[in-house]
Structure formats: structure tokens, C-alpha cells
Amino acid sequence: MATKTKNNLVIVESPAKAKTITKYLGPGYEVKASMGHIRDLPKSKIGVDVDHGFAVDYQPIKGKEDVISDLKKAAKKSEKVYLATDPDREGEAISWHLKELLDLPDESTYRVTFNEITKKVVSESIAAPRQIDMDLVDAQQARRVLDRVVGYQISPFLWKKIRRGLSAGRVQSVATRLVCEREEEIRAFQPEEYWSLDALLERVKPNVGKFTAQFYGKEKKMELHSEGEVNAVMEAVKAGSFTVTGVKEQEKTRNPAPPFTTSTLQQEASRKLNMPPRRAMAIAQQLYEGVDITGEGTVGLITYMRTDSLRLSDEATAAARSFILGRYGKEYYPGSPRVYKAKAGAQDAHEAIRPSNVELTPENIKKDLTNEQYRLYKLIWSRFLACQMASATYDSVTIEASSSDYRFRATHTALKFSGYTAVYVEGKDEEEEAPQSPLPDLKEGEALTLKGLEPKQHFTQPPARYTEASLIKALEEKGIGRPSTYAPTISTIEGREYVVKEGKYLRTTPLGETVNTVMKDKFPDIVDYDFTAQMEEKLDRVEQGEEKWKDLLGDFYGDFAKELEKAEADVGERIKVPDEVSEEICPLCGKNLVFKSGRFGRFLACPGWPECGHTQPIVEQMPGKCPKCGGRLLKRTGTSKKNSKPYTYYACEFVTRRESAPRQCDFMTFDVPVADNCPQCGQTMFKLSGRGAKKPFCINDKCPNFLPEDKRGYYKKKDETAAAGEKKPAAKKKAAAKKPAAKKTAAKKGAKK
């Protein structure tokens with residue numbers, strides 16, 4: 001009797017990844033998922049013996065008993081076990097934990113990694129396995145233990161000093177410090193006055209061709225700091241005559257942005273898609289692990305999304321070249337592949353983030369993706385294709401006009417050749433400049449007529465608060481954290497309410513500022529930018545095998561223990577976190593409401609408790625005024641009693657059920673108030689909610705511009721009465737069909753008796 005051939009076992013982290021790889025490997029391989037880590041440091045205690053060589057107490061994760069048991073059984077009946085977790089430090093550590101906990105023998109255990117989950121890469125990796133890289137494992141252990149020691153020893157100190165439930169960490173504390181210091185800059189900012197001066201000029205012959213030129217200076221650029229300086233310039237140019245003193249025409253080129261790294265993907269997803277970093281990484285993980293595509297089966301759509309490399313494979317650039325030539329033509333290809341150099345210190349372990357198959361265009365597979373998957377995949381696909389396309393070219397014209405030795409300049413730039421911008425344009429944190437008007441065809445020496453001068457007073461503005469995108473950029477520039485840490489770091493400081501997100505900007509809270517002050521005072525090294533960046537470099541040296549991980553921990557812990565001991569001795573009295581005062585007024589007692597935190601997040605409460613117990617949700621003020629009473633319009637949220645889904649509506653600030661309220665109003669709507677007022681009656685206009693451009697309409701039924709409800713484009717639901725009437729006969733038929741079956745069953749029972 002022939003013996004049955006044993007299967008080979010492949011262990012990955014998620015079921016989606018398992019499904020994709022199963023499709024490529026076929027018979028002879030069993031693919032199972034570990035569902036992430038299967039063992040870790042315990043939650044209830046530090047789990048690290050700092051006094052005895054940093055001995056680590058790893059324990060199986062609670063709730064993973066069935067997974068571990070299933071993997072052990074599968075491993076015992078397998079000839080070979082391939083550990084195919086993610087290709088980074090964390091993935092290497094998961095593979096090592098699997099090997100240790102499942103007690104896998106060295107001779108039949110192999111490590112494989114997939115930078116992209118395609119049939120070619122999976123087959124090649126399985127054919128060329130390697131051993132677990134203990135340098136990578138040690139680097140992950142060093143980071144994990146370092147963060148555990150810092151977090152589990154500083155956090156209790158913060159509980160004693162401030163309040164329970166707080167936390168500290170190497171990267172999160174530095175991120176909080178960055179946001180706090182930006183807030184301090186904003187508060188300390190002293191605006192300075194400056195003026196701009198625009199001249200409206202026109203050709204003398206023929207009498208056409210108006211354009212606006214901005215004040216430049218004399219031979220060198222000048223700043224106008226006061227109204228007196230502006231008036232002096234105006235008097236001088238009015239007394240003189242304007243002449244064209246220079247016309248400069250040139251062609252400018254703009255090169256495409258490089259392909260995505262983890263950091264730039266998170267930044268761009270935040271800017272363009274309004275997608276938080278953690279969500280962006282979760283969606284990217286889905287695209288990497290595999291999505292069911294019609295006609296293709298389960299397909300890994302992108303390469304590994306945790307990388308700081310800008311490198312692209314020859315195969316990828318060749319595929320991009322073929323696609324660009326086929327769809328756009330040879331003028332859109334630069335002639336040779338574009339090569340991008342990674343910044344100093346990058347690990348460069350993997351390729352940049354790119355689509356696995358550029359032929360799978362976002363439009364062709366849109367029906368198989370969720371909305372979030374489609375938007376993120378389109379962003380990655382477009383950025384990759386654009387990075388291999390020709391530069392965009394622009395025609396730039398600058399006209400200089402002078403009067404009484406004062407110079408004014410006007411510039412216009414027009415797109416000449418779209419190049420890569422036909423596919424993708426990089427987002428920006430700053431506001432876009434207003435579009436420029438074309439300039440007339442002028443010649444040097446030509447006379448101009450001054451039609452008017454427009455002086456404007458301005459004041460310098462404080463630096464903008466960080467957005468999630470700009471905070472990630474700042475962390476990366478300072479060398480703090482690594483690609484995999486940015487998203488969880490921002491989620492942590494928001495979750496702890498050290499910072500809050502207002503619109504797209506991050507603002508510190510009194511709690512965050514109090515924690516930051518204590519950390520800078522008691523643990524200056526932990527929140528020091530240079531110290532934290534140097535620690536990241538040391539962790540990289542562990543990964544490269546140049547330093548022992550326990551030596552790194554020993555060097556760090558000596559000074560840290562002294563800081564901790566001194567801080568414990570100086571605990572003193574608890575620090576009271578000041579209330580964060582809002583601009584909202586309590587409708588009962590007239591005091592300014594303050595922000596509080598509860599089980600369901602932040603809310604507003606009256607500081608006069610217990611005498612006044614008024615509370616209300618945090619609301620966002622909308623443009624316009626209430627059409628009934630003239631009060632402010634506020635954005636509110638509610639929850640459907642039918643299906644518990646949240647919804648948004650807009651209401652007057654005086655909508656309340658409290659009889660003791662000074663004013664009451666009943667105006668509420670699902671339509672969105674807009675900044676524009678009706679040109680006929682002057683009341684606030686509204687538009688339909690939802691994505692896309694919607695035309696505002698007037699809801700004042702006494703206004704000639706009034707738009708009735710049946711013409712506003714509301715979604716019309718099916719008549720419920722008619723729908724119910726259609727369903728009743730079907731229900732009767734169903735009931736009638738069941739009766740004979742019931743009689744038949746009864747007859748059978750009678751026969752048995």
C-alpha cells in the first residue's frame with residue numbers, strides 16, 4: 001500500500017492573504033492564518049526583568065488557543081513548514097514566535113517573504129526559502145521591550161502626578177511635544193503689518209489689454225510696512241508714466257513626484273482622500289493581501305505597503321513603459337526609466353509601493369472594490385504611473401512695468417504639455433494660489449495707461465497647526481519613528497485626547513499640554529528629538545547585526561532608571577488639569593461650557609455642576625443663520641432607532657426640550673447650509689447633502705427664488721403602503737404552502753404510532 005504524501009504547510013497572518021496564496025500554490029500546500037501575533041508580552045504586567053539581563057516573559061495571547069492548537073496539528077502532519085508572514089521586522093518576529101511556540105524543528109522550517117503577492121513572486125519565494133533572520137527579530141524585540149519599559153514605568157508616574165489612564169511612549173510623547181510646541185508658537189505669535197499694491201494697467205495703443213501687476217520695488221525687492229510707505233509709492237507713480245521695461249518668456253518643466261513610501265502614502269491619503277493614517281494602512285493591507293477580482297480570482301493588487309524605499313524593479317518600470325506608450329503615446333514617456341534615490345538612512349528593504357499589475361486599471365476593477373479600496377488603489381496606481389511619465393512643461397511670461405523708478409510685475413503660467421499631470425498631481429498642505437489671468441502680448445518700451453491702484457493692508461499669519469499629514473512629515477524629517485509607527489502613534493495621541501482633530505488640523509488639549517510639561521521636566525531624554533532619532537539609528541544597527549539588542553537596552557536603561565527614581569522622589573502634589581473652555585454658552589445659567597470626556601468621547605458640560613447639570617454634544621457651527629429666528633446653525637449627529645446607524649442633521653442653536661431655556665426654536669433640516677445668501681430675499685441658502693457639487697437653493701416660500709421640495713432632487717422612496725400590499729399575497733401563499741407539509745408530518749406521526 002502506497003504511503004500518502006504529506007502536504008507542506010504555509011503559515012501567513014491573515015485569511016485574505018491565505019486565500020490569495022492558496023490560489024497560486026495549488027495542491028500539495030495547505031495555507032493557514034495565524035491571525036497576527038500568537039504570543040506577546042502580558043498585558044497585566046511589564047513582562048520584562050530589567051534587573052536580570054532583560055529576560056522576556058512571552059505568553060500565548062488569550063483567545064488564540066484554538067488557532068494555536070489548529071496550527072500545531074497542521075504542522076505535525078506536514079513535511080515542511082513555510083513561515084510566510086509580512087516582510088519586515090514585525091513579520092520576522094511573528095515567524096520566530098510561531099517557530100518557538102509551535103516547537104517547529106530547524107531542518108523542516110523555512111522562512112519566505114513576498115514583496116508582492118503574485119503567482120510569479122510566490123512561486124519564486126517558495127522555491128528559494130531562507131532561515132529566520134535573528135537580527136531582524138532582535139531589532140523588533142529591542143523596540144518592543146524598549147517601548148514596554150518606557151510605557152509601563154512612566155505611565156504609573158503620570159497616574160500619580162496627573163490622573164489614571166494616561167500613557168507615555170518614546171514616539172507618542174515626542175509627537176505630542178511637536179503639536180504642543182506648534183500651539184505655543186501660535187499663541188506667542190505677534191502679527192506684523194505689511195501692504196500690497198496692485199496697479200491696473202492698460203495698453204495705450206490699441207486701447208485694449210488690461211492686466212494687473214503687483215508692486216515689486218526698485219532695483220531690489222521692497223517690503224511695504226505701513227500705509228505711509230504705500231501712499232508715497234502711489235503719489236510717485238501717479239505723477240509719472242508707466243512703461244514696459246521688461247518682458248521675459250521662458251519654458252519651465254515640472255517633474256513628477258516619486259512613487260509612494262509608507263510615509264508619503266499616509267500623507268497623500270490624508271490630504272486627498274481625508275483618510276486617517278491608520279485607516280489608510282488598513283485598506284492598503286487589504287489591497288496587498290488580495291481582493292476577489294472578476295475573471296482573475298483573488299489578486300494581490302499592490303506591493304508591500306511598509307517601506308521607505310523609492311526603488312522600483314526593472315519588471316515594474318518596463319510594464320509602466322509599455323502601458324504609457326500604449327495609452328498615451330511616446331511623447332508621454334521620458335525615453336528611459338526614471339530612477340529615484342531614497343533619502344539617507346532609509347532601510348531600502350523593499351520596493352516602493354506600486355500596483356502589482358499596472359494593467360489592472362482602477363476603472364476596470366472598480367466594481368470589485370469597496371469605495372475606500374478603489375480610492376486608495378487609484379491613488380497608488382496613478383502615482384506609480386505618473387512617476388514614470390514625461391515632465392509637464394509650462395509657458396511662463398513675466399512683464400515688468402515701471403514708473404518713477406518703481407517696478408511692478410505680472411506673471412502668467414500656462415500649461416504647454418501635460419506630461420505626467422494627465423494622470424496625477426501631488427497634493428499640498430498649503431492653500432492653492434488663485435488662478436492667473438492671461439497677459440497681453442506686450443513689447444519692451446511700450447507705453448501703458450494707469451487705470452487704478454489698489455492698496456491692501458495685510459498682517460502676517462501664525463504658523464498653521466499640524467495636520468495628520470504634516471505631522472507625519474515632521475516626524476519623518478526628524479528621524480523619529482519608522483514607517484510602521486506613524487499611524488498608531490497619531491491614533492494613540494488622539495485616543496488619549498492629548499490632541500484633538502478640528503477639521504483637518506490637530507490642536508493640543510490642556511491634558512496634552514500638562515503631560516508634555518511633566519515629560520519635559522522629568523524625562524527630558526524621552527521627549528528629546530535628537531535622542532529619539534539616535535535611538536532609531538541604534539535599532540537599525542541591531543537589525544544590521546552591528547549591535548546586540550540587550551546591550552542597547554542596558555545602555556538606555558541606566559540613565560532612564562535614574563530619571564525615573566528622581567521623578568518618583570519628586571512626585572509632590574497632583575497637578576490639576578485646567579478645564580478647556582469653549583465659546584458655547586450654557587442655556588440655563590449663562591456660563592461658558594467646558595469640554596469633558598466620558599465613556600462615549602468628548603462632550604460639553606456646564607462648569608457650575610452640581611448647581612447646574614447641563615450637558616450637550618460638541619457641535620460644529622455652520623455658515624448662515626436660522627431662517628426662523630436668526631440664531632446660529634449647528635451641525636449635529638443622531639442615531640437611528642431602527643438600525644442604530646449615525647446620521648447628520650442641522651439645527652438652530654436654540655432647538656432644545658428644556659422649558660427653562662431663554663429662547664426656543666424648532667428649525668431642523670437634513671439639507672446643508674451654505675455661505676451664500678439668496679440674492680432675492682437675503683436668507684441663508686441650502687444644498688442637498690452628499691458628495692459632489694450640489695446647486696444651492698432657497699427654502700423661503702415667500703421668496704420669488706423659492707425652490708419647492710419636489711424639485712430639489714430628494715431621493716424618492718417606494719410607497720410603503722403599496723410595498724406592503726405587494727408582499728401580503730406572497731406571505732399568504734407561503735403560509736398556504738406550509739399547511740399540506742404540516743398535515744403530511746402529522747400523518748407520518750400517526751403511522752408510526
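Predicted model: local features only at pLDDT ≥ 70, side-chain atom pairs only at ≥ 80, totals over all residues.
1. Overall make-up. The chain has 753 residues, and 45% of them count as buried. Its secondary structure comprises 18 helices and 28 strands.

2. Contacts along the sequence. Take the contacts between residues at least 6 apart in sequence: 66% of these join residues at least 24 apart.

3. A helix pair. Two packed helices are described by the angle between their axes and the distance between the axes. Helix H9 covers residues 277–289 and helix H12 covers residues 371–387; their axes come within 10 Å and cross at roughly 85 degrees. Angles of 65 to 115 degrees count as roughly perpendicular, so H9 is roughly perpendicular to H12.

4. Residues between the two helices. From H9, the residues Arg-279, Ala-280, Ile-283, Ala-284, Gln-286 and Leu-287 take part in the contact; from H12, the partners are Glu-372, Gln-373, Leu-376 and Tyr-377. Sorted by class, the contact of H9 with H12 holds six nonpolar, two polar and two charged residues.

5. The cavity. How many cavities of 30 Å³ or more does a search of the whole structure find? The search finds one. The largest cavity holds about 50 Å³ of space.

6. The cavity lining. Ser-167, Ala-168, Gln-172, Ser-173, Thr-176, Tyr-498, Val-515, Asn-516, Met-519 and Val-527 line the largest cavity. Helix H6 (170–188) and helix H15 (510–522) each contribute at least two residues to this lining. By class, the lining has five nonpolar residues, five polar and no charged.

Technical notes:
Residues numbered from 1 in each chain as written. Heavy atoms only, no water. Axes fitted to C-alpha atoms, helices over the stretch in contact; angles between N-to-C directions. Helix = DSSP H or I, 4+ residues; strand = E, 2+ residues; numbered from the N terminus. Parallel < 35°, antiparallel > 145°, perpendicular 65-115°, else oblique. Contact = heavy atoms within 4.5 Å. Nonpolar A, V, L, I, M, F, W, Y, C, P; charged D, E, K, R; others polar. 1 Å grid on protein atoms, 1.4 Å probe; cavity = no way out; pocket = protein on both sides within 12 Å on 5 of 7 lines; lining within 4 Å. Points joined across faces, edges and corners; volume = space filled by probe spheres on them. Buried < 20%, exposed > 50% of the residue type's maximum accessible area, 1.4 Å probe, protein only.
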